[in-house]
Amino acid sequence: MTNLIIIARKEIQEGLRNRWVLAMTLLLAALALTLSFLGSAPTGNVGVGRLDVVIVSLSSLTIFLIPLIALLISHDAIVGESERGTLLLLLSYPVSRPQVIFGKFLGHIAILAFATLTGYGVAAAVLVATGAVIGAESWSSYLVMIGSSVLLGAVFIAIGYLVSTLVSERGTAAGIAIGIWLALVLIYDMTLLGILVAMQGQALPAGLLDLLLVLNPTDVYRLLNLSSGGASALSGMGGVAANSALDARTLVLALVLWTVGPLVLATLAFSRRER
Amino acid sequence: MTATVTLAEACKQYGRVNAVQDVSLTLHAGETVALVGHNGAGKTTLIKLMLGLIRPTAGAVRVLGGDPARGSASARRRLGYLPESVSFHLALTGRETLAFYARLKRVGPKQADALFERVGLAPAAVDRPVHTYSKGMRQRLGLAQALLGEPRVLFLDEPTSGLDPALRRHFYDLIEELRAGGATVLLSSHALSELEGRTDRIVVLDSGTRVADGTLDDLRREARLPVRVQVRFTDGKGQAHRSFAGRDWTRTGAGSYETRVDAGDKIALLQAVTQAPDAIADLAIAEPTLDDLYVHFLGRAEAGR
């Protein structure tokens, strides 16, 4: 346990020093603030809370941004250290390889959680400061969004580690990471949409659609945030969610599995790696 | 003497390449051993085997009584390692870097800080980020981390390459201190000449096999390299010089001739040469250098293949 914390602490220290933490926090805060003010324009008084509008726009953006940031910090966690030569020295110390992976994970998650919580928290605080009235249900949806954003980040950090332990060059890791990002964030949904259109209104069996959604962590996140409370009315995800057997608990579980799976595989791959 | 590191017919293959082949080696407490060989001779692979970073394809490796690849934490705490061209996380300062490694070895911050002075890293440099460090400063920081926790066994991979002579001497002084304290020090080098008087034993490695193991004198004796005797005659001309004192001489310059003689026949030859002192203007004897020795062992292995 101590080793995990020592390694996590060093990751955080480095993140602070090379201004990763600062850049991420500012980026997320700037986007959240922009959206919360742009987003308030079209609502007027339609009975939807201002925070709900922010949730819809912000979570749509999170789907693109958080996986990208997570892959950016994780894809060279192992292969980068291996190439720079620091990994060799680290592994000669009394630390196990799983401890290296999980320690780094702890550190990177802490960085991501801090940036998300601060960035999105500032947006909510500013909304409150400008006098918006926000209901309790909206608040809980907002908290769910922040929590699931961090969880989505965890998924992609774990995927990044898996890539990082499997390849032998940083460039390859970066290429694969971008490929994964494109595939899961853009191509998967487009393909799914294409299939639904091609079927010309014939509904897919509900179970199959659920499965296809769960197989992509970004869809799990989308379903979790856009299908409940005030957000469902705004986003159109409500229609999908109504036919789905997936409840919030299952969706969170899916995200957790999407984190644990790649993380365990990364640990196994790392233990076999000889460099 | 207690054995701290034992290799028994250790092999390591990468694909079809034999990086280390049937190497048997025992290192003892209080011993400084140099691992010598070309770049790519398998020195680093051998050190990685002893550190347990890679597993032997065949054979056995034992360090401080355990299998290093299984990585018992208590044994690892007593190992120090300085990788070849060591690198650190560039954004952190020297102090932060050493503190990180000290925590992993469960060494207190005070003990860690004391090492800066021991390796001669200036206090002004300690709190600067590592990316501002020169090669020598990095190497000092690298040695400081290797010395954490008073290691019983130290693996130093090319510790002096690229260092200036003053720093190099400081390095060897530190190594001598450690050895005197009962540590096993294994250092790899591709320069045999700088090891004279610094090590108890030399292990020569070529293409992954051990081609020689012993003290410098052992190696010299085993190699039986000829001594070169050079003579400059007062009378520069004359065919007689080529067979002077009953030996074959080769002309190396105006009136200068050279011959090679086995170490055992050296005195006899000198006696014969100095029979007629007037005929000789100058006489020089060149003992085989360490570089000659190095070429001899690595050349012999070449011929054996």
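How much area do chain B and chain A bury between them? The two chains bury about 2,600 Å², with 62% of it on carbon and sulfur atoms; buried area is the accessible area (1.4 Å probe) that two parts lose on being put together, summed over both. Of the area that chain B buries against chain A, 24% is supplied by L53(B), H89(B) and L104(B), more than any other three residues.

This is a predicted model, in which local features need pLDDT of at least 70, side-chain atom pairs count only at pLDDT 80 or more, and totals for chains, interfaces and linings use all residues. Residues are numbered from 1 along each chain as its sequence is written, chains are lettered from A and ligands numbered from 1 in the order in which they are written, and side-chain values use heavy atoms, with hydrogens and water left out.

The contact (heavy atoms within 4.5 Å) takes 28 residues from chain B and 23 residues from chain A. Between the chains there is 1 salt bridge, a side-chain nitrogen of Lys or Arg within 4 Å of a carboxyl oxygen of Asp or Glu. E96(B) forms a salt bridge with R17(A), and their closest N and O atoms are 2.7 Å apart.

| Domain of chain B | Residues |
|---|---|
| domain 1 | 3-222 |
| domain 2 | 226-287 |

The C-alpha centres of domain 1 of chain B and domain 2 of chain B lie 45 Å apart.

Notes. Domains from an automatic or database assignment.
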